[in-house]
Each structure stands twice: as structure tokens, then as C-alpha cells.
Amino acid sequence: MRSVIDIVDLTVEEIDALIATANDINDNPAKYAEKCKGKKIATLFFEPSTRTRLSFEAAMLELGGSVIGFSSASSSSASKGESVADTSKVISCYADIIAMRHYQEGAPYVASVNASIPVINAGDGGHCHPTQTLADLLTISRENGRLDNLTVGFCGDLKYGRTVHSLINALSRYKNIKIVLISPEELKLPKYVKDEVLDRCNMQYVEVCEMEDVMPQLDVLYMTRVQGERFADQNEYLRLRDRYILTPDKLVNAKKELSILHPLPRVNEISVKIDDDPRACYFKQVKNGKLMRMALILKLLEEAKNPVKVDRISGDVVKGKFVCPNHRCITTTEQELEQAFKYDKDNNVYRCIYCETEAR
Ligand code: NCD
């Protein structure tokens, strides 16, 4: 069964086709209004979300389908201790497709292995968020008119920001992309993303602390919220959260064609004074997210008619040799889930197949 857990589960050609479908849905909504008649999506949200959950639900409703689900772990059987595997098997009897958000990294992958219907990762801990990336890619392609030859700045929390990790991963497959990483020392991009994506793909990148220094070069500026919920030390969060605030004066030297993106929610990172600037794209990005989710639901339900067995983890998997050191990994809580690692030959390390953390 085909699921989308990581943005690299989709090829560039498939992403281009999803963009074309999303543009067509935007232009001809009536053509799609009954495409999912009789189908149900289950939105299983073990972590709070407004936008992403409602976006999946609106997407399915606009395709003529219906929605079941829950919006927090406390309102599901997880609060009774049910495993992700069992929840996915149960939901497979009720729905046709699952969108899952979970605070534990690798949970949607475990769901996809156990469900008999497609699973879409709607965000797992600090790990991945592929459908936000689809929204981001549609926005860049519409606003900048291309997905190659771009200088893309990421500003804010590059350590815990899963949308950043997924978008960098996606951009690594387009030509001539330069990445500018703007963050404080404490919130730099994790080493595994640098090793696995930037270095492996030979992408040009720089790391800086101030956005003013790089503003004139940027075609896209991707602002992010500091992810307070993932900090072990709340004082550290309070110290860092207002580190970058985009105000009109900071855009004085920016390009006229710059696109300013933000996955939202915004917590002060962009002044509301920017909202009327033609370069502000974050509310368009929300609509684009719904269009891309519609295109993805259509694609996965179509493919589910003739399911083929897909193994996301190719190559040898090593079991029983390492323990994942990541305390947010699904292996820390899931019943009888065996530790499993794959060899990353580019960096000569073993990585957890669920959350990609390096074995020690
Ligand atoms: C992002 C997320 O959930 O990771 N939001 C979203 O998908 N709309 C970003 C965030 O929460 O900061």
C-alpha cells in the first residue's frame, strides 16, 4: 500500500504532477466536487493542530468525501495505552485513508506498516511534515514561477522545525538551489539533515546569524516559529523565541520578487505590517496546502485500487544491535517494536529506520 511518510516518498515527477492537479483543482473546482464520494478520511491527530487537520478535512469535504477522527491524544485510545499499530489496524476497518500527526518521530511510519489503507504523515515530532512541503512547493512554483535556480533562506528554529527539514529535502532534488540557514547557534539545522541532504546532494549552503546580511540575495524567505513544545528547558525557549522578527525595515534591501513564506502559526516572527506587502505569501500558502492535500488524497486513493507492496526502507536492516538514542522516537513506547537500523553509506553510520537518528 502506498503511503507518504517523507517527502522523498514522492518522486520529482510525482510532485510536478501533484502541482499540476492542484492548479487544475484551483481553476476547475466543480470538476473535483464528487471525486471522493463515498470515501472517508480518518484524521488521527495525537498532537494539537488547527491548520493541518482542518486542511485535510476541508480537502476531503471539497472532494465530496467525509471525515472521521480525533484531534488530541487524550480523546483517543492512546490515552488508554493503545499502540499506534493497533490504532491503525482498527481505523483501517472504518476509513479509506489516514492522515496522522504524532508527537513521536516515526509513528506514522509504524502506522503505514500496519494499516491496510494509505497513511499520510501530517507531522511527526521534529522529524518530517511532507504535506506542508507540498504546500510550500506549490507556493514557490506559483509565486516565483519555478522550483530551480533559487536562493532560499530559512530563518528561525532550524533545529526542531520539521517543515524546514522536509522542504530542504525536497529542494535538494531541484537544480541550482542555494540554501541560506539563518539561526542562532542553539537552533542550527541538525547534523543528520546536513549530512544526509545538503552534503550528500552537494548543495551550496551558508550558515549565518543575522538575516539583514543575506536579505538582498534571497528569492524565498521561509520564516519559522521557535518550537516551544520541543524544548526540554522552557527558559531557553523564552530566551530564543523573539530572536528574529521580520519587520518592514528589514526588507528595504530585499528583492522585489521575494516570496515570504511561513507554515504558520506565527508567534511574533513576522510583523502584521508585512501582511499587506505583495511579497507576503503565507496566507496563500494555507490555501495551497489544501489544494495539494486534495491532489495527494486523489492520487493515493486511486493507487489504492491496485495496491502494490511498497518497502520504503530498501537495503539491509540491522536488528538487535543498536538502541535508538532519540527519546522522541516511537520505539521508546510502541509495544514490542523491534529496534531497526539501516546503513547510511554516504556518512558511514547506522540510522534508526523510524526517526533517522544516528546509532551510537
Ligand atoms: C507547522 C507544523 O505543524 O510543524 N505548522 C503547520 O503545519 N501548519 C509549523 C509549526 O507548528 O510551527
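Reader: What joins strand 5 (residues 150-155) to strand 6 (residues 177-182)?

Author: Six bridges join them, and the two strands run parallel. Two strands count as a pair if DSSP finds at least two bridges between them, so strands 5 and 6, with six, qualify. Thr-151 stands opposite Lys-178 in strand 6. One caution: this is a predicted model, in which local features need pLDDT of at least 70 and side-chain atom pairs count only at pLDDT 80 or more, while totals for chains, interfaces and linings use all residues. Residues are numbered from 1 along each chain as its sequence is written.

Reader: What makes a stretch a strand or a helix?

Author: Both are DSSP runs, numbered from the N terminus: a helix is H or I over at least four residues, a strand is E over at least two. The protein chain has 10 helices and 12 strands by that count.

Reader: Why is the crossover from strand 5 to strand 6 called right-handed?

Author: Point the strands away from you. A crossover is right-handed if the path from the first strand over the helix to the second then runs clockwise. Here the chain leaves strand 5, passes through helix 7 and reaches strand 6, and this β-α-β crossover is right-handed.

Reader: Which strand pairs with strand 5 over four bridges?

Author: That is strand 8 (residues 220-223), in the parallel sense. Gly-153 stands opposite Leu-221 in strand 8.

Reader: How do you know that strand 1 (residues 40-45) and strand 2 (residues 66-70) pair?

Author: They share five bridges, in the parallel sense. Thr-43 stands opposite Gly-69 in strand 2. The chain crosses from strand 1 to strand 2 through helix 3, and this β-α-β crossover is right-handed.

Reader: What domains is the protein chain divided into?

Author: Domain 1 covers 7-129 + 287-303, domain 2 covers 130-283 and domain 3 covers 317-352. The bounds come from an automatic or database domain assignment. Between domain 1 and domain 2, the C-alpha centres lie 25 Å apart.

Reader: How many residues of domain 1 are in contact with domain 2?

Author: 22 residues of domain 1 are in contact with 21 residues of domain 2. Contact has a cut-off: the C-beta atoms, placed from the backbone, lie within 7 Å. On the domain 1 side, helix 10 gives the largest share, six residues. That side divides into 13 nonpolar, seven polar and two charged residues. Ala, Val, Leu, Ile, Met, Phe, Trp, Tyr, Cys and Pro count as nonpolar; Asp, Glu, Lys and Arg as charged; the others, Gly among them, as polar.

Reader: What kind of peptide bond joins Leu-264 and Pro-265, cis or trans?

Author: The bond is cis, with omega about 5 degrees. Pro-265 lies in the loop between strand 9 (259-261) and helix 10. Asn-268 lies in the loop between strand 9 and helix 10. Its phi is near 90 degrees, a positive value in a residue other than glycine. Most residues other than glycine have a negative phi, and most peptide bonds are trans.

Conventions. Two residues are in contact if their C-beta atoms, placed from the backbone, lie within 7 Å.
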